[in-house]
Amino acid sequence: MTPRAESSRSGAVIPWRKILIANRGEIAVRVVKAVRALGASPVAVYSEADRFALHVLRADEAYCIGAAPASESYLDIRRILEAARISQAEAIHPGYGFLSENADFAQAVVDAGLVFIGPRPEVIRLMGDKAAAKRLMAEAGVSTIPGYLGADQEDSRLRREAELIGYPLMVKAAAGGGGRGMRVVESAEALGESLEAARREALAAFGDDRLFLEKLLVAPRHIEIQLMADHHGNIVYLGERECSIQRRHQKVVEEAPSTVIDEDTRVQMGETAVRGARAAGYTNAGTMEFLWSQGRFYFLEMNTRIQVEHPVTELVTGIDLVKTQIQVAADRPLPWSQNEIRISGHALECRLYAEDPERDFLPQSGVLSAFEVPLPEGMSRVDILRTSEEPCLRVDAGVSSDSVVPRFYDSLLAKLVVWSPDRPGAIEGMSRVLAGTVVEGIRSNVRFLHGIVASNRFRAGDTTTAFLEEDYAESGVAFTPRDEVAMAALAVELLDPKSWHRPQDSDLVRQVWRLSSAWRIDGVELRRSYVIRTTDEGRQAEEAWIEVAAERLTDSRWSLSVGDRRYPEVTLHVQPSPANRLPAAVTVF
């Protein structure tokens, strides 16, 4: 175990000279910045697959801790502690994922005479037991979802409790979260199979097959409260984040503040979260997660670490959460009281993954030949906190052009975060950022994200946890094509100079009557207004006004605007069809 590089720093404003970061990727890069800003020296660890990773290059020194598989490197407690000993680091920041919520790791750090930058091991263990955490919250007066949290795990008991709760309900793993060991059960007949499957998955994921039951809420939203607690009895909440857009229980797009939480509800949720954290004896950064349904909120779980989506909170509060984590671990009191915390503007975060949405989001690996995130006109680029009231872009990336993306770890490449004085401005800014982001060499979900941000439902703030299932096809690639998409595809076909037809020359265009001849071709943008008549089997003909703005991406692909709905990419497969029928093969993604 040898260091890649070494340097020394002085003038620290915290009592440690070196802090080791027990993580990789964008969160490790983020913690490097915070450590250095506090005057200490950041120490990285890396696997053999990450030898030239960005977090390694950004740290002052770095130590190889094993082979590429996480179990032989980033999850090996002994190797991480050995790197801390060799580097003479005095504290360890776990980031998120890997060992960040592992109570045994936190205890091992303390036993080694080091400081764990996070809550105490016993608190991590308590809140990691989801059933025990719910019991504690209920005792503290925090509303919880009706369910069964008992120790009796016999199927007969679970069946009786399920009848009392009522269907539909959720079966969940008691020892963990993240969607593992979770099943939706619609009826009593389906319960037995769901219990068996959930136990298998929970045992494989957490080494513990205990389950609990929970009532399934109607159209819930996933809303979480950011907390920070010091060792002097001070606990504050820093507003909420809306994290309802999820794929397989994993968050995809997050924003702050939520569109459904008013100031009174924000205070109520925040004070409830503080009460629960105080009951647990919580210190450092943590997140209290709630489900919000029909005007009420219910405790879901507590994450005992910094969250992936923490940048949106930083941008709307102006508070550096990672620096505060380190200062709290150094026994510094919180520098602000609750009444000094203000929420300003709106922030959106999109998680950019190396995955192929067209192949069921299959993770991608390889060399990232190009990675560029544009800075749209009228926006400034910020590193961590915004410095003005103008719209800004923050990119938390774990890669750069020519980076190697290994196949062994989570496929998150970067987090794209936009702040604006209001939500429409943040959405518009994010749309422009996503439209111009370049990821080459491997597939990514950038167009999938663009589709989410462009959707009318998202723009209206109607984002329940069922958003993707209800608005996207099963593959998650696209919104289910609607008539207006087919109309738009036909309009673009007409506007393409290479395939221009007179109305009388083609069956495809007999339904289209031009209303405006004002249009232009400059090689990029075309615009025209139409009335389009559609006829389909079993339906009467319809008339609709439609304005289409189109931008050519390649010979067959276009970016479209149909009224106020945006489609970041449309591939046209327009084939001859009978009269009075629109082209059937239209792919939108």
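Me: What span should helix α1 (residues 25–37) have, and why?

Reply: The expected span of a helix is 1.5 Å times one less than its number of residues. Helix α1 has 13 residues and should therefore span 18 Å; its end C-alpha atoms are 19 Å apart, which agrees. Helices (H or I, at least four residues) and strands (E, at least two) are DSSP runs, numbered from the N terminus. This is a predicted model: local features need pLDDT of at least 70, side-chain atom pairs count only at pLDDT 80 or more, and totals for chains, interfaces and linings use all residues. Residues are numbered from 1 along each chain as its sequence is written, and side-chain values use heavy atoms, with hydrogens and water left out.

Me: How many residues of α1 are buried?

Reply: Buried means under 20% relative accessible area, exposed over 50%, partly exposed in between (1.4 Å probe, protein chains only). Ten of the 13 residues in α1 are buried, among them Ile27, Arg30 and Val31. After α1 comes Gly39, with a positive phi near 90 degrees.

Me: How do strands β13 and β14 pair?

Reply: Two strands pair if DSSP finds at least two bridges between them. β13 (residues 284–293) and β14 are antiparallel, with seven bridges; Glu289 has Glu301 in β14 as its bridge partner. Two residues lie between the strands of this hairpin, where Gln294 has a positive phi near 50 degrees. In β14 (residues 296–303), seven of eight residues are buried.

Me: Which residues does Gly177 contact beyond its neighbours within four places in sequence?

Reply: Contact means heavy atoms within 4.5 Å. With those neighbours left aside, Gly177 contacts Lys130, Phe206 and Glu301. Gly177 lies in the loop between β7 (169–173) and β8 (183–185). The C-alpha atoms of Gly177 and Glu301 are 8.2 Å apart, though 124 residues separate them along the chain.
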